[in-house]
Amino acid sequence: MATSLSQRPVDSSHRRALAPIATPDRLLLGPGPSNAHPTVLQALSRTPIGHLDPLYVELMSEVQELLRYAWQTDNRLTLPMSGTGSAAMEATLANTVEPGDTVLVAVKGYFGHRLADMAGRYRADVRVIERPWGEAFSLEELEAALIEHRPAILAMVHAETSTGICQPMEGVGDLCRKHDCLLLLDTVTSLGGVPLYLDAWKVDLAYSCSQKGLSCPPGLGPFTMGPRAEAKLASRSSKVPNWYLDVSLLNQYWGSDRVYHHTAPVNMNFGMREALRLLAEEGLEQAWARHRRNAEALWAGLERLGLVLHAPEALRLPTLTTVRIPDGVDGKAFSQHLLNNHGIEVGGGLGTLAGKIWRIGLMGYNSNPENVDRLLNLFETELPRFKSAAAAAA
Ligand SMILES: Cc1ncc(COP(=O)(O)O)c(C=O)c1O
């Protein structure tokens, strides 16, 4: 017989939680997430199937192969981690770092610091080289640091979302081979939108996210590990200190054995499959060219309005544009106006760039000429009011 325990009601201050969900449609032109493609949303809403159903197992292999295409890699260990980009980021370090290993992190923005923080938590001997937020590393700087620190791993961010800078990668992998270290690359804001050739660049470990260039909601973190990194994992003297992200265990599920590890977020993988299929249907080169075309139109339009772009043209990311907030303008008030009155999200600055820049994303499905025109129109018609408000108050 049921005991008569009194039930805790939903607190009256949260009454709205009992109404059906009613989020507005937003145009997400910030640093991520970006809007998901409509057919990705359809894929997400399909009835789940079991995570060991032979049909799902087939879908897993398809996702893996499409990810290899998107990254231009033959890596066997390529899979979407169940978690966001940070989970995949952590997986690259958790699997390869052993206590005392030297990890050199080339930091030129916010996410480089996150890599350094994570490596330290896996008890690496972390060494950091830094460039100002708005610059990239030269091959000479990287080689000098490799000689000085003799790391087991060089970790860096390809597309630094906090600054809008794209790190040139040609030659970095060769330096890492020459100095006998692994190359770990963050491709969170580049996958699907910026040229990426993991194998040709000799990248040993990389990760990304679902919610930017792939036009899928947040929830999966693509991960890949090449043969040199696999060898480091195989020669570990201690267990991977993170059960959930241990690739040797995960590979029993994603590899040929198909042994249960955790209950896969099957619908997220439906969405990921559709997102990657769309990318393959468009073609990588076409997708990269589209991102560049639309970003160039945005850059030209912003400059026509007298705004200054933070990143030098040669290093500018097509997926994420950083714009300096003009003197006297309250940048946050303007982005709140865009959100509240026009349903458009634009990001603010992080870390040392907080309050100094806006961050505008044109990623995946959102990289199109209509969005560029819509945003430029608003900058043209609405921003002057924020300037005059600031000037009047001064
Ligand atoms: C360059 C970079 N690395 C890592 C991350 C972390 O990814 P997530 O927020 O999906 O965990 C982000 C997030 O925007 C990012 O921009």
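Modeller: Start with a term for packing: two residues are in contact if their C-beta atoms, placed from the backbone, lie within 7 Å. Helices (H or I, at least four residues) and strands (E, at least two) are DSSP runs, numbered from the N terminus. Two strands pair if DSSP finds at least two bridges between them.

This is a predicted model: local features need pLDDT of at least 70, side-chain atom pairs count only at pLDDT 80 or more, and totals for chains, interfaces and linings use all residues. Residues are numbered from 1 along each chain, as its sequence is written.

Now the part itself. Seven strands make an open sheet, ordered E2-E10-E9-E8-E5-E3-E4, and their pairing is mixed. At the edges sit strand E2 (77-82) and strand E4 (125-130), each pairing on one side only. On average, neighbouring strands of this sheet are turned by 20 degrees against each other, direction ignored. Axes here are lines fitted to C-alpha atoms, for helices over the stretch in contact, and angles run from 0 to 180 degrees between N-to-C directions.

Look inside the sheet. Strand E8 (residues 182-186) pairs with strand E9 (residues 205-207) in the parallel sense, over three bridges. Take Leu184: its bridge partner in E9 is Leu205.

Next, the helix on this sheet. Helix H5 (residues 139-149) lies across strand E3 (102-107), E4 and strand E5 (153-157). H5 runs at about 155 degrees to E3.

Then the ligand. A residue is near a molecule or strand if its C-beta atom, placed from the backbone, lies within 6 Å of it. There are 14 residues around the ligand, and Thr84, Gly85, Ser86, Thr161 and Val188 come nearest. Helix H3 (residues 85-96) gives the most to this shell, with three residues.

For contrast, here is another sheet. This open sheet has three strands in the order E11-E14-E13, with antiparallel pairing. Its edge strands are E11 (320-324) and E13 (347-348), and each pairs on one side only. E11 and strand E14 (residues 357-361) pair over five bridges. Arg324 stands opposite Ile357 in E14.

Finally, the setting. The protein has 12 helices and 14 strands. Its C-alpha trace spans about 75 × 65 × 45 Å along the principal axes. Of its contacts with a separation of 6 or more, 73% join residues 24 or more positions apart.
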